[in-house]
Amino acid sequence: MFSSGCSFSQGTASGNLFSQVKTFITGGDEKSEIPQEATTEIKEIAKEATTESKPYTEISKQPIELSQDEPALRYQSGQDAYILKDGKQQGVMHFNLAQRLGIWDYTNPTVVSNGIYYSYTFNLKLDFTQYFSQVESAKIEVKPELLNSRGEVIGEIANIGWNGFEQIAEIYKSNPVKNIEVCLQPTQDFSDGDYIKFNLTDTENNVVFDSVNYDVSLLKKATDGPTIKRIKDTAKIKSINGAKYSFTLNSVCSSQEYLNIDSYSDLVKMMDLDYTVKLLKDKVNGRVVTRFNTFSGVQMNSEVKLAVNTCNNSQYNYTYYQDATRTNYSDVDDYVPYVTSNFHYIKKGETANNVTNRVLSYDLDSEDPMYVRVIPEFTNERKARSDEEMLKFNGRYVVYQVELKARNLPKYYKGEW
C-alpha cells in the first residue's frame, strides 16, 4: 500500500510551499529503493490479491496557490497530489491502491503487436472540498496517460475488467469525497524519465483542472494484481459473509441459431457460454448478500452476471436471449431451447451448470473474431461491501480470454442409410 504523502502546514505561503514540495519530491537525504523495472512477462502471483487497510490521509482545508511561472510538480509513488485550477487548490488526490495487472487491452492493435501483456489500475480517493465553495455538484472524469520523456503519449485509459468501482465521480457539496478506479494501458514498455499524467475534468460544469503528474515510480512500485484466466480455470470467490464459492467457465463457442422458438425467420450467429458455480463453504456471519437465501437453510443462487466482448469490439454485451433455440446434431434440423431460465439455489457441496448466450452477428457469412473475453461481475458482493472492503475482494478483475471456435456437433445418423 501507499503511505500518506505531501502533508504541509496550513500557514505555508505559496512560494515556500512550492519550494518544500519540490525539495520533498526531487531531493532529500534518503531515497526509497525502486524495484526492478517491469517487463512484458505476466508474473506469477497469488490467486487472491489483497491490500492492507490504511486510514485515509488528513486533508488540509487551507487553499494554496502556485504561481503560473513555476514548473509543474511531478509526484512520486506514495505521495498525495494537490488538485489545482490555475494554480489554486481545489482538492486532493490520494491513491488507495495501485496494481499491475496481468490483463491487457486486447482490442488495441498496438498493444497486441508490441506484446504488452499487462496494464495498471489506480483506485483514487478524490476530495474536492475546496472546489465546492463554487459549485453544488460535479461529475469528475480522471483520464490517465503515459508519456515518454519527449512528451509523446505511450499509454492511455482503458477498460480492462470489472473492479466494483465507478470510473466517473459524481459528487455533491454535502459529500465532496469519492473513490473511483481507472486503468492505464501502456502501448510500449516505459523507461526512466517517462511519466504519468492524470487529466481531470468536471464535465458537468465544463471545468478543466491542472493536470497531475507522477514519475514512473508509481508504476514500478505498483503491487501485483490478478492475471488473465483461460477456459476451465476456476475462480474461488470469498463472500463478505464468510461463504466461499467457485466460478468456472467451461466453454464459449459460436453457433447458428434462432432467436425465438416460435420464429424461423431470424437465424443469427450466436455465442453460447457454459459455466459452473459451486458452493464450497457456508456463510459464517450475518452480513447480508442478496445471492444467499437463509430461510430454508443456507442456499446460494447460481446465476452470475457476465460481461462479454470480442477482440474486434470492446463494447460489453450483457443481453442474452432466453428463447433462442439450437440444434444438437449436424445432420438434423431439430432446434430446441437451451438457455438456463431457472437458476438453481445450491447448498454447500452442490454444483449448478448454467448456459447463456450473446448475439455474435446478424450476418451469417461474417468471420468470427479470434478471441472473446468473459468477465463475471459479482454485483451482489459490491452492494454488501464498503469501498475499503471492496479493495480486498478477490472477485475483482476476473477476466477469461477464450479462443472462439465453432460449436462441434455430432451426427445423429451413425451408419449408412
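The structure is a predicted model, in which local features require pLDDT of at least 70 and side-chain atom pairs count only at pLDDT 80 or more, whereas totals for chains, interfaces and linings use all residues. Residues are numbered from 1 along each chain as its sequence is written, and side-chain values rest on heavy atoms, with hydrogens and water left out.

The secondary structure of the protein chain consists of 5 helices and 26 strands, assigned as DSSP runs numbered from the N terminus (helices: H or I, at least four residues; strands: E, at least two). Of the 417 residues in the protein chain, 50% are buried; here buried denotes under 20% relative accessible area, exposed over 50%, and partly exposed the range in between (1.4 Å probe, protein chains only). Among contacts with a separation of 6 or more, 75% join residues 24 or more positions apart, a contact being defined by heavy atoms within 4.5 Å.

The count of salt bridges comes to 11, under the criterion of a side-chain nitrogen of Lys or Arg within 4 Å of a carboxyl oxygen of Asp or Glu. Side chains of opposite charge can pair when their charged atoms come close. One of the salt bridges links Glu389 and Arg287, with the closest N and O atoms 2.9 Å apart. Glu389 belongs to helix H5 (residues 387-391) and Arg287 to the loop between strand E15 (267-281) and strand E16 (292-293), so this pair ties together parts that are 102 residues apart in sequence. Both partners are partly exposed, Glu389 at 24% relative accessibility and Arg287 at 31%.

A salt bridge also joins the side chains of Arg150 and Glu152 (2.9 Å, N to O). In this pair Arg150 is exposed, at 64% relative accessibility, while Glu152 is partly exposed, at 40%. The side chains of Glu381 and Arg385 meet in a further salt bridge (3.5 Å, N to O), and both of these residues are buried.

On the surface, Tyr329, Tyr412 and Tyr413 form a nonpolar patch with about 310 Å² of accessible area together. Patches comprise residues with over 30% relative accessible area and no salt bridge, like charges being joined within 9 Å and nonpolar side chains (Val, Leu, Ile, Met, Phe, Trp, Tyr) within 5 Å. Tyr413 lies in the segment after strand E26 (405-406) and is partly exposed, with a relative accessible area of 39%.

Technical notes:
Accessible areas come from the Shrake-Rupley method with a 1.4 Å probe; for residues, only the protein chains shown count as cover.
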